[in-house]
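Hi everyone, thanks for coming. Let's take a look at this one together, and please bring up the structure on your screens.

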Amino acid sequence: MKFLPIPYFLLILTTSLFAVNDQDIDGVDDAHDLCINTPFDKIVDENGCPYDTAGTKKFTFQIGEDISFNSFSNKTNTLNLFLNYNYKKWDFSLSSTNYNATNINTLIDTEDDLYLTAGYLFQTNKLNTKISVGTKFAFMDDDAIDRDNDYFISTNFDYFISPKQNIFLYYSYTFSGNSDTTDYENFHSFSIGTGYAFTEKWYSALSYNYAQSPYANIRSYKALSWFNYYTLPHDFYISCNYARTLNHSSDYDHLFSFNIGVKF
């Protein structure tokens, strides 16, 4: 969602007549652009920098739900809440999940988790890298399986092939907390894929996802995922994701996620 200080057709005419270079297509000449290669979904100021880094859009709030299923009579629902604060290149987030498993519409399991994460962004002309650390608090109803905190470290790599297409890699390693009855395994996960901005408002991506299980006797999770992000008026956005598992390590073959958020 770019901010164009002049109509797009006029920008094209200006570029052809005066050889203006604008590799990230945000309407600001590279000679005056202080933030080259701004992502497509960022609104920029007269310097070509996202308003987020200029100090006007610091918070993001998002709510959504994940549904995992083979059939809707045997599914899990996860309610997600997410709050993010952005200060310069620092990134802080607080999120919670409420997990419910049902069998023939009967609740058979529930779990609540809280995540705290802090990250720092390193930027070059075509590569964005973010390193994050965080902890997960697991709240269990059963005291016998009450877990200690999980601690994790993660890295995001985002490489821009062109102003509209990127390649991304996410990697995370988790130090699992144990319970009074179970020693959980440390585990890692990663996602790799590519995305494309079809319009100024619509971004779509395909990825391969892998995650180890904290349980020694359960196989790793593998899936293909299709993600879509669409910006709405007044700083709102929606995102949805579909994932298809590639093995039978879990109780479900399909996962669908839908989220709505706002930046302020």
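Leaving aside neighbours within four places in sequence, which residues is Ser-95 in contact with? They are Leu-81, Phe-82, Asp-113, Leu-114 and Tyr-115, where contact means heavy atoms within 4.5 Å.

A quick word on what we are looking at: this is a predicted model, with local features needing pLDDT of at least 70, side-chain atom pairs counting only at pLDDT 80 or more, and totals for chains, interfaces and linings using all residues. Residues are numbered from 1 along each chain as its sequence is written, and side-chain values use heavy atoms, with hydrogens and water left out.

Back to Ser-95, which sits in strand β3, residues 90–103; strands here are DSSP runs of E, at least two residues, numbered from the N terminus. Ser-95 counts as buried because its relative accessibility is 17%, and buried means under 20% relative accessible area with a 1.4 Å probe, protein chains only.

Strands pair if DSSP finds at least two bridges between them. β8, residues 187–197, runs antiparallel to β9 with 9 bridges, and a hairpin of 4 residues connects them. There, Ala-197 has Tyr-203 of β9 as its bridge partner.

Next, β9 (residues 202–211) is joined to β10 (residues 221–231) by 10 bridges, again antiparallel. Facing β10, Asn-209 is opposite Ala-223 and Ala-211 is opposite Tyr-221.

Finally, β10 pairs with β11, residues 236–245, through 9 antiparallel bridges, with Asn-228 opposite Cys-240. In that hairpin, 4 residues lie between the strands, and His-234 takes a positive phi near 60 degrees.

Note on methods
Buried means under 20% relative accessible area, exposed over 50%, partly exposed in between (1.4 Å probe, protein chains only).
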